[in-house]
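The following note sets out comments on the model below, in numbered points.

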Amino acid sequence: MPIAAATDARERSAAIIDFLPLQGTDYVEFYVGNAKQAAHYYKSAFGFQSLAYSGPETGNRETVSYVVRQNKLTFVFTTALRPDHPVAAHVHLHGDGVKVLALRVDDAASAWKETTARGGRSYKEPTMLCDQWGEVTLSGIHTYGETVHLFVERKDYQGPFLPGFREWKTAYNPPSTGLLYVDHSVGNVGWHQMNPWVGFYQDVMGFRNILSFDDKDISTEYSALMSKVMSNGNGFVKFPINEPAEGKKKSQVEEFLDFYRGEGVQHVALATNDIVGTVTQLRDRGVEFLTIPSSYYRDLLSRVGHIDEDLAPLEELGILVDRDDEGYLLQIFTKPVEDRPTVFFEIIQRKGAQSFGKGNFKALFEAIELEQDSRGNL
Ligand code: FE2
């Protein structure tokens, strides 16, 4: 067979296999105790812009949602208006946390049909919403813990966010920090639950396992975890899944599970093209990062080879570097962004590398353990 025809055949069969084509992350929704103040924090500290609002003024008497955006990142913060609302129960149990990892699709009805036929538990049957700006179809399935995936079909919807939301205009518009899009979202699951959830992403959503780390890769003197990275067909959506592993002391995943009261999203990694500029902005605007010991930088260049960046600002900010066969990456991790030691963010700049910073795991987890110890949770 000529090469072109063989390639065509492979592309055709890949298209047939990908029963859940995804265009990427549509939005991330957090259920929080005070959506108004959370939205303000993400604007002032992280550089998001006001986008949309839903609440009593738009006819929604159940909840209030503020939507903020920065480049391709859209975050939604939702709070219940009455104590017996499911959003209030979620916040009561978990604290502030990620409820929805919403994925952009061309056909939300098909996404729901394909995933539920493969064993996915329905969260929302395909539902068309419309207003004067057009229509959006939503559907959804449950994943680990109380977390859900919504499938969002927007077609040519012209409104600010979703039907039912109005534009949120405000005089307070702090500048962007250069955050671009969701690189990956990590789930923490319970003991011996990693492989069942890997199976879920494989069987129900058609993802494949692109990387695996065992407790020898991710361990310090005290604690350990295991992780497998799941990716959809085009690589736009990546979900690493962590579970705790036995160590001398408590794993950071266990601390999360204790305080989140179950499985949930541990961190969302946000991409930037200028990590030094972005992290300088974030730090100056009050975002707190894990502290990396200066010894990490002593032999960094002998470990990772030449990098374009100056070492001094990386060390000053605590930015980590790792290299794989395809290039290198720079990354840094915030402290938890709420009072419970649960959800945090990673800021990542990829310069060719498609991996997740395996060479940094030890330094990173030792930094996390210092924080755990200061909380009395190690
Ligand atoms: Fe990550």
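1. By class, the residues that line the second largest cavity comprise seven nonpolar, five polar and three charged. The model under review is a predicted one, and the comments that follow should be read accordingly.

2. The volume of this second largest cavity is about 160 Å³. Its lining is made up of 15 residues, and Glu255, Pro336, Phe344, Ile368 and Arg375 are the closest to the centre. Helix H6 (252–260) and H11 each contribute at least two residues to this lining. H6 provides the largest share, namely three residues.

3. How many cavities of 30 Å³ or more does a search of the whole structure find? The search returns five. The largest cavity has a volume of about 250 Å³, and 20 residues line it.

4. Nearest the centre of the largest cavity lie Val186, Asn242, His267, Phe361 and Phe365. Two or more lining residues come from each of strand S10 (179–188), strand S12 (224–231), strand S13 (238–245), S14, S17 and helix H11 (361–374). Of the contributors to this lining, H11 gives the most, with four residues. The lining of the largest cavity divides into 13 nonpolar residues, six polar residues and one charged residue.

5. The metal site deserves a separate comment. Which residues coordinate the iron ion? The ligands are His184 through NE2, His267 through NE2 and Glu346 through OE, at 2.0 to 2.2 Å. Along the chain, the donors follow the spacing H-x82-H-x78-E. Histidine 267 belongs to strand S14 (residues 264–272) and glutamate 346 to strand S17 (residues 344–351), so that this pair, 79 residues apart, links distant parts of the chain.

6. H11 supplies four residues to the lining of the largest cavity and at least two to that of the second largest cavity.

Definitions and conventions. Residues numbered from 1 in each chain as written. Predicted model: local features only at pLDDT ≥ 70, side-chain atom pairs only at ≥ 80, totals over all residues. Heavy atoms only, no water. Donors = N, O, S within 2.8 Å, 3.2 Å for Na, K, Ca; no water. 1 Å grid on protein atoms, 1.4 Å probe; cavity = no way out; pocket = protein on both sides within 12 Å on 5 of 7 lines; lining within 4 Å. Points joined across faces, edges and corners; volume = space filled by probe spheres on them. Nonpolar A, V, L, I, M, F, W, Y, C, P; charged D, E, K, R; others polar.
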